[in-house]
Amino acid sequence: MSIGRLQDRAVELRRMFHRIPEVGFTEFITTYEIYKALEKKDFTLFIGEEAISREHRYGVPDQQAIEASRQRASEYGVPEAFLEKMADGATGLVAVFDTGRPGPHVAMRSDIDGLPIMEAEDAPHMPAADGYRSVHEGEMHACGHDGHISIGLAVAAYINENQNQLSGRFTLIFQPAEEGGRGARSVVEKGWLDDVDYFMSGHLGINEYEAGTVSAMTERFLASTKLDVSFKGKSAHSGVEPNEGKNALLAAASASLHLHSISRHRDGATRVNVGTLNAGSGRNVVADHSELKMETRGGTNALNEYMMSEARRILEASALIYDVEYETAFMGNAIVAECDEEWVDIVKTANREEANGFNIMDTMPLKASEDVTYMIDRVQKNGGLATFMIFASPLKAGHHHPSFDFDEQAIRTAVSVYASIILHLANNHTEKEYTSYE
Ligand SMILES: [Zn+2]
């Protein structure tokens, strides 16, 4: 299959995946469709619990949500035996291929989860106009991970078809639950990144450049921590005996205001957000419970830790003011990372060799969080080189918006860029001796 045909297929697959978004750790149908796209290829496939470490997952949805998605997958036609490999939402898949010839170990990561967002239904939104809007009401691929999956599958097809020209080993990671920084560690702790020489991943969209613009690296990742907080007070009749109540609503409200007034830090970027706040049971009842979902971010791990320690102090003080109890649940985390500059040369040279004509920039700022940083960190600790690229596309609306959509030309660009890198690495690995793998 020519690159052009692989690109066409990636766009077709993207539309198929766009219709069936599943939020993190419920990607049962998604994992099955990835499996179906790969099962006839020469990869060894590791599914669900074979691919990720169950106990290193963050922010796993409750049993009820997992069960509902599992049921939906069963109705979709995912076989029971396949679903059993993903018990308790241990979703995702890793595909491994060894050419049997000496060469580098190249790993690529594609994230596969959707978001809990109701997708736009109006005509200017392409997926709605062209009939590939989400059929899972309230879930949406609003971050382009549908594209990431399809690009990963096109790269698998490329490796499979060109295996006689390639050398070394390939590990293609289809990671669950990127959103909220929840899934990457579960892949890392399974050991997939431990002996990787070249690691690459990337993201669609993000910048205002035309499709065809590629950033070889990314900088300014933000470290981030996600917490769910619950306050527990005591309800009382607000007219008869308000003094008997312990007001959990006010504790959460006070905490929210004070969290947003944490002092900025001189050393760099800091962020905090309380995204949801729910409390109470009725107009004339002192609220005995409240829940908030919050996150902190920082331009360095230390800055994020500063934000989180200030946050914890404020939560504790707010509980004390209103004499209520509180609990926090750790829901996700991302660290910062730096891409290896060697990648700029690799990406540029590889694409020059293939005469792709893309506009390749050295680096672009992410200004967001990505748990791929756990993978980058592990690869670098073991002496490998890692990058996270950006495949630019004008966006109809920003990431995580109900009308989010990107130019599918960016998918074609990514397939071509990854393929040229794979070919380049197979033919240019003289700087290190790769012998046998016992
Ligand atoms: Zn994303």
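I started with Cys 143, and at 7% relative accessibility it counts as buried (under 20% relative accessible area is buried, over 50% exposed and in between partly exposed, with a 1.4 Å probe and protein chains only). Before going on, I noted that this is a predicted model, where local features need pLDDT of at least 70 and side-chain atom pairs pLDDT 80 or more, while totals for chains, interfaces and linings use all residues. I also noted that residues are numbered from 1 along each chain as its sequence is written, and that side-chain values use heavy atoms, with hydrogens and water left out.

**The zinc ion**

What holds the zinc ion? I found Cys 143 (SG), His 145 (NE2) and His 203 (NE2) coordinating it at 2.2 to 2.3 Å. Donors here are N, O and S atoms within 2.8 Å of the metal (3.2 Å for Na, K and Ca), and sites may look incomplete because water is not among the atoms. I wrote down the spacing of the donors along the chain as C-x1-H-x57-H. His 145 is buried too, since its relative accessible area is 0%.

Next I checked UniProt, where an unreviewed entry lists Cys 143, His 145, Glu 179, His 203 and His 400 under "binding site". These residues are spread over 258 residues of sequence, yet they cluster in space, with a largest C-alpha distance of 13.6 Å. From this set, His 203 also turns up in the lining of the largest cavity. I kept in mind that UniProt positions use the numbering here, feature names are shortened, and annotations may be inferred rather than shown by experiment.

I then went to Glu 179 and found it in the loop between β4 (169–175) and α7. Helices (H or I, at least four residues) and strands (E, at least two) are DSSP runs, numbered from the N terminus. Is Glu 179 buried or exposed? Its relative accessible area is 10%, so Glu 179 is buried.

On a 1 Å grid over the protein atoms alone, a cavity is a set of points where a 1.4 Å probe fits but cannot get out; a pocket is an open set with protein on both sides within 12 Å along at least five of seven lines; lining residues have an atom within 4 Å of a point. Points are joined across faces, edges and corners, and a volume is the space filled by probe spheres set on them.

The residues lining the largest cavity include Met 108, His 148, His 203, Phe 391 and Tyr 418. Two or more lining residues come from each of β3 (105–111), α6 (145–161) and β5 (198–204). β5 gives the largest share, four residues.

The largest pocket has a volume of about 1,300 Å³. I listed 43 lining residues for the pocket, and Leu 115, Glu 179, Gly 180, Lys 226 and His 400 lie nearest its centre. Strands β7 (223–232), β8 (270–279), β9 (289–298) and β10 (325–334) each put at least two residues into the pocket lining.

**The rings**

I searched the whole structure for aromatic pairs and got 11. One of them joins Tyr 32 and Phe 82: the ring centres are 5.1 Å apart and the planes sit at 70 degrees, so I logged the pair as edge-to-face. Tyr 32 is in helix α2 (residues 28–38) and Phe 82 in helix α4 (residues 80–84), so this pair ties together parts that are 50 residues apart in sequence. Tyr 32 is buried at 13% relative accessibility, and Phe 82 is buried at 6%.

I also looked at Phe 391 and Tyr 418, whose ring centres are 5.3 Å apart with planes at 50 degrees, so the pair is tilted. Phe 391 belongs to strand β12 (residues 385–391) and Tyr 418 to helix α12 (residues 409–427), 27 residues apart. Both are buried. Rings of Phe, Tyr and Trp (its six-membered ring) pair if their centres lie within 6.5 Å; planes under 30 degrees apart are stacked, over 60 edge-to-face and the rest tilted.

Back at Tyr 32, I saw ring pairs linking it with Tyr 35 and Phe 82 into a cluster. Helix α2 is mostly covered, as eight of its 11 residues are buried, among them Phe 28, Ile 29, Tyr 32 and Leu 38.
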